[in-house]
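Here is a quick tour of a protein model, written for someone who likes cut-offs spelled out. Have the coordinates open and follow along.

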Amino acid sequence: MAEKFHPDDERLAVRLKALAHPARLRILDVLAARGTCVCGEIVYALPLAQATVSQHLKILKEAGLLQGTIEGARSCYCLDAAALGELRRALDYRLARLEDGCC
């Protein structure tokens, strides 16, 4: 029988995995610097092909870190502030627990 993990742990793991690529971190930086939803311009901020950037955006959106709309060939994305706050709190809590357990 497979071990079940707590949904909060699973959500944290998915979000951390989504952050585990320098291109995705850069995408988040670009969106944060703009402060608004960004369409198409994300591609110009990265040294990657449009299809690669789209794949990274998809991963970030599936992890719940971005909000976005896709209307035909036009896609617009912005940070999900609530999700980022939740991630920060979950990671702070987890790291504090780990630090307290260290020798």
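Leu 31 sits in helix α2; helices here are DSSP runs of H or I with at least four residues, strands are runs of E with at least two, and both are numbered from the N terminus. With a relative accessible area of 2%, Leu 31 is buried (buried means under 20%, exposed over 50%, and partly exposed in between, using a 1.4 Å probe and protein chains only). This is a predicted model, so local features need pLDDT of at least 70 and side-chain atom pairs count only at pLDDT 80 or more, while totals for chains, interfaces and linings use all residues. Residues are numbered from 1 along each chain as its sequence is written, and side-chain values use heavy atoms, with hydrogens and water left out.

What does Leu 31 touch, not counting residues up to four places away in sequence? The list is Thr 36, Val 38, Ile 42, Leu 66, Tyr 77, Cys 78 and Leu 79, where a contact means heavy atoms within 4.5 Å. Take Cys 78 from that list: Leu 31 and Cys 78 are 47 residues apart in sequence, but their C-alpha atoms are 6.1 Å apart in space.

## Cysteines

Cys 78 is itself buried, at 13% relative accessibility. Cys 37, on the other hand, is partly exposed, with a relative accessible area of 45%. A search of the whole structure for disulfides comes back with zero, the criterion being a pair of cysteine sulfur atoms within 2.5 Å.

## The overall build

The protein chain has four helices and three strands. Read from the N terminus, the order is α-α-β-α-β-β-α. The C-alpha trace spans about 50 × 35 × 25 Å along its principal axes.

Of the 103 residues in the protein chain, 26% are buried. Look at contacts with a separation of 6 or more, and 53% of them are between residues 24 or more positions apart. The chain exposes about 7,200 Å², and carbon and sulfur atoms supply 57% of that (areas are from the Shrake-Rupley method with a 1.4 Å probe; for residues, only the protein chains shown count as cover).

Leu 12 is placed in helix α1 and counts as buried, at 10% relative accessibility. Leaving aside neighbours within four places in sequence, Leu 12 is in contact with Leu 87, Ala 90, Leu 91 and Arg 94. As for Ala 33, 21 residues away along the chain from Leu 12, the two C-alpha atoms are separated by 24 Å.

Salt bridges turn up here too. Asp 9 and Arg 94 pair at 2.4 Å, N to O; the cut-off is a side-chain nitrogen of Lys or Arg within 4 Å of a carboxyl oxygen of Asp or Glu. That pair links distant parts of the chain, with Asp 9 in helix α1 (residues 7-19) and Arg 94 in helix α4 (residues 81-100), 85 residues apart. Both ends are partly exposed, Asp 9 at 32% and Arg 94 at 24%. Glu 86 and Arg 11 form another salt bridge, at 2.8 Å, N to O. Again the link is between distant parts, Glu 86 in helix α4 and Arg 11 in helix α1, 75 residues apart. Glu 86 is partly exposed at 31%, and so is Arg 11 at 34%. Glu 86 and Arg 11 also belong to a salt-bridge network with Asp 8 and Arg 15.

## Other charges

How many salt bridges does a search of the whole structure find? Six. One of them joins Lys 58 and Glu 62 at 3.8 Å, N to O. The two are four residues apart in helix α3 (residues 50-62), so about one helical turn separates them. Lys 58 is partly exposed at 43%, while Glu 62 is exposed at 57%.

Arg 24, in helix α2 (residues 22-34), is buried yet has no salt bridge, and the nearest side chain of opposite charge, Glu 62, is 9.3 Å away. Beyond neighbours within four places in sequence, Arg 24 contacts Lys 17, Ala 18, His 56, Ile 59 and Leu 60.

Across the chain there are 14 positive and 13 negative side chains, with the centres of the two sets 5 Å apart. Lys and Arg count as positive, Asp and Glu as negative, and His and the chain ends are not counted; each charge is placed at NZ of Lys, CZ of Arg, CG of Asp or CD of Glu.
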